[in-house]
Amino acid sequence: MTDTTLSPASNQTVSEKGTHSLVRTLNWTHAFWFAAGTPALVLFSVGAIAATAGNISPLVWTISILFGFIQAFTYAEISSMYPHKSGGASVYGALAWVRYGKMLGPISVWSNWFSWSPVLAIGTGLGAGYILNLFFPATHWIQTWQITLVNLDFLKEGLSLRINSVFILGWLLVLAVFLVQHRGVLKAANLQKFLAIVALAPLLLIGLVPIFSGSISLSNYQPFVPLAHDAAGNAVAGSWDMAGWTVFAGALFIAAWSTYAFETAVCYTREFRNPGTDTPRSLLAAGLLCVVVFSLVPLAFQGALGLDGMLDPGIYSGMGVADAMSGMIGGGPIVQKILVVMLILALLLTVSMSMAGSARTLYQGSIDGWLPRYLGRVNHHGAPVAAMWTDLCFNMLLLMMSDYVFLLAIANVNYMIFNFLNLQSGWLHRIDRPDMPRPYRAATSIIATGAVLGFVNLLLLGMGANIWGSGTLAAGFAVALMILPVFAYRHFVVDGGKFPEQTFQDFAGINESDVKTRAGILPYLTLLAGVAVVAFGYYIAVY
């Protein structure tokens with residue numbers, strides 16, 4: 001790759017050989033509108049969490065979004081340190097770990113990408129299901145035909161790769177989003193703003209109307225205990241014993257995939273006009289929006305439907321969530337159909353957000369030497385087109401999965417790995433790079449709290465991942481390790497064991513040897529402690 005420099009006159013990034021690169025056309029509001037798709041992620045798992053955790057699900061969501069908001073301050077600081085990089089928090093965190101182990105950086109970047117990319121498949125799959133439900137009853141052949149390609153019962157009972165109407169329509173939806181993104185980030189951001197305004201309205205209505213209309217029954221939150229099942233498999237009220245705490249941990253685990261996700265706002269640092277100030281502003285604004293939506297919507301959802309409504313199979317899978325939410329608002333069939341259409345737009349908002357963020361993670365991973373070189377190619381609009389095509393093809397496979405909740409859980413195993421490494425990178429950057437400019441500097445107590453939450457998240461991972469399928473934890477770790485041979489080939493064969501100069505261009509020098517290490521064995525002890533916490537959580541879990 002050629003060295004890149006910022007052109008003051010054009011405020012664009014161009015290479016010395018004139019090749020295309022990302023351009024600085026955004027301010028913090030553009031990134032905010034991209035990240036505004038995050039609240040719609042509540043549609044992905046609100047039903048699954050309610051059907052699994054029972055009456056305590058609103059508490060799960062509230063705690064989870066508060067965790068995410070606290071963690072965002074660490075991400076805001078480390079992202080402000082790297083004005084020349086795109087791709088999100090994993091890129092900045094990887095640079096904290098690289099001097100303590102070359103393999104740690106690619107695991108962080110890869111796990112971040114893998115956790116985000118399935119939004120394309122899950123979002124368009126749910127959107128396709130909503131559309132089909134609008135026009136056809138569940139028993140219609142359009143909804144029931146299916147060709148099973150591969151049986152995956154060894155991962156989870158009933159899991160398979162299949163082709164059906166959801167796959168075909170979902171593929172068309174993700175292709176439409178791709179075509180918009182292909183025209184460049186600024187045009188996509190303007191469309192994202194329109195979608196966000198249209199899509200966030202029904203979520204706010206769903207969160208507020210049942211509360212103010214009096215349609216919420218306090219009895220629907222009682223007894224306030226985790227859900228359990230009797231010997232016959234029937235849902236019953238559980239208790240706060242270890243089995244109950246395991247369910248609670250599993251619910252917090254899966255909620256984190258949605259509630260922490262507004263950190264996608266930092267993916268656009270490389271394209272901000274003023275990255276030092278735009279990055280933290282966009283991140284914290286998106287966080288405040290998420291606190292409101294993720295607190296209100298699950299509260300209203302549980303209060304209006306009650307446990308019996310939550311146990312409907314369509315609620316767990318997510319396919320029936322839109323119909324249930326439209327019924328909470330009332331207004332007749334016309335109003336309800338309009339609301340479903342708006343929720344479909346909300347899902348497309350998340351898909352657009354994910355494609356933009358995950359593609360930039362692949363792009364920057366390529367530029368920094370973590371991922372294959374071809375991913376660094378962009379088109380004449382400044383869009384990372386090679387990374388976008390990779391996202392598109394990968395999600396064509398994921399769209400075939402018959403259980404999107406299980407796919408989400410595997411993605412979240414990787415998200416927790418990335419989350420832990422990046423929350424620890426906050427204090428690691430402070431130790432190794434104390435004098436590096438930080439346009440935004442978080443309070444030390446917040447950095448420390450974020451580091452502690454990293455361990456809390458690993459405890460949730462160990463205890464709660466296999467709630468969503470017995471093979472979830474193992475499959476998630478296997479996916480995380482898949483990047484190691486890919487990185488080894490890129491680094492040792494293609495790059496001759498050296499990182500590209502761009503990897504360290506935000507440091508005092510551009511050479512790897514200029515980056516100092518001062519933390520001693522502390523990073524290694526932290527990693528060992530993290531493994532121990534996961535093992536402890538797995539050991540104490542009761543399923």
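Let me begin with the packing of helix H4, residues 89-97, against helix H5, residues 104-116: in this predicted model, their axes lie 8 Å apart and the angle between them is about 165°. Angles over 145 degrees count as roughly antiparallel, and H4 and H5 are therefore roughly antiparallel to each other. The crossing in which H4 passes H5 is right-handed.

Which residues bring H4 and H5 together? From H4, the contact involves Ser90, Val91, Ala94 and Trp97. On the H5 side, these residues meet Leu104, Gly105, Ser108, Val109 and Asn112.

Rolling a probe the size of a water molecule over the atoms shows where empty space is left. How many cavities of 30 Å³ or more does the count give? The count comes to one, and the largest cavity holds about 60 Å³ of space.

The lining of the largest cavity is formed by Phe44, Ser45, Ala48, Ile122, Leu126, Ile254, Ser317, Tyr404, Val405 and Leu408. Which helices supply at least two residues each to this lining? They are helix H2, residues 42-53, helix H6, residues 118-135, and helix H16, residues 404-432. By class, the lining divides into eight nonpolar residues and two polar ones, and no charged residue is present.

To close, I would set the two sites side by side.

How values were computed
Residues are numbered from 1 along each chain as its sequence is written. This is a predicted model: local features need pLDDT of at least 70, side-chain atom pairs count only at pLDDT 80 or more; totals for chains, interfaces and linings use all residues. Side-chain values use heavy atoms; hydrogens and water are left out. Axes are lines fitted to C-alpha atoms, for helices over the stretch in contact, and angles run from 0 to 180 degrees between N-to-C directions. Helices (H or I, at least four residues) and strands (E, at least two) are DSSP runs, numbered from the N terminus. Angles under 35 degrees count as roughly parallel, over 145 as roughly antiparallel, 65 to 115 as roughly perpendicular and the rest as oblique. A crossing is left-handed if the near helix is turned anticlockwise from the far one by less than a right angle, and right-handed if clockwise. Contact means heavy atoms within 4.5 Å. On a 1 Å grid over the protein atoms alone, a cavity is a set of points where a 1.4 Å probe fits but cannot get out, and a pocket is an open set with protein on both sides within 12 Å along at least five of seven lines; lining residues have an atom within 4 Å of a point. Grid points are joined across faces, edges and corners, and a volume is the space filled by probe spheres set on the points. Ala, Val, Leu, Ile, Met, Phe, Trp, Tyr, Cys and Pro count as nonpolar, Asp, Glu, Lys and Arg as charged, and the others, Gly among them, as polar.
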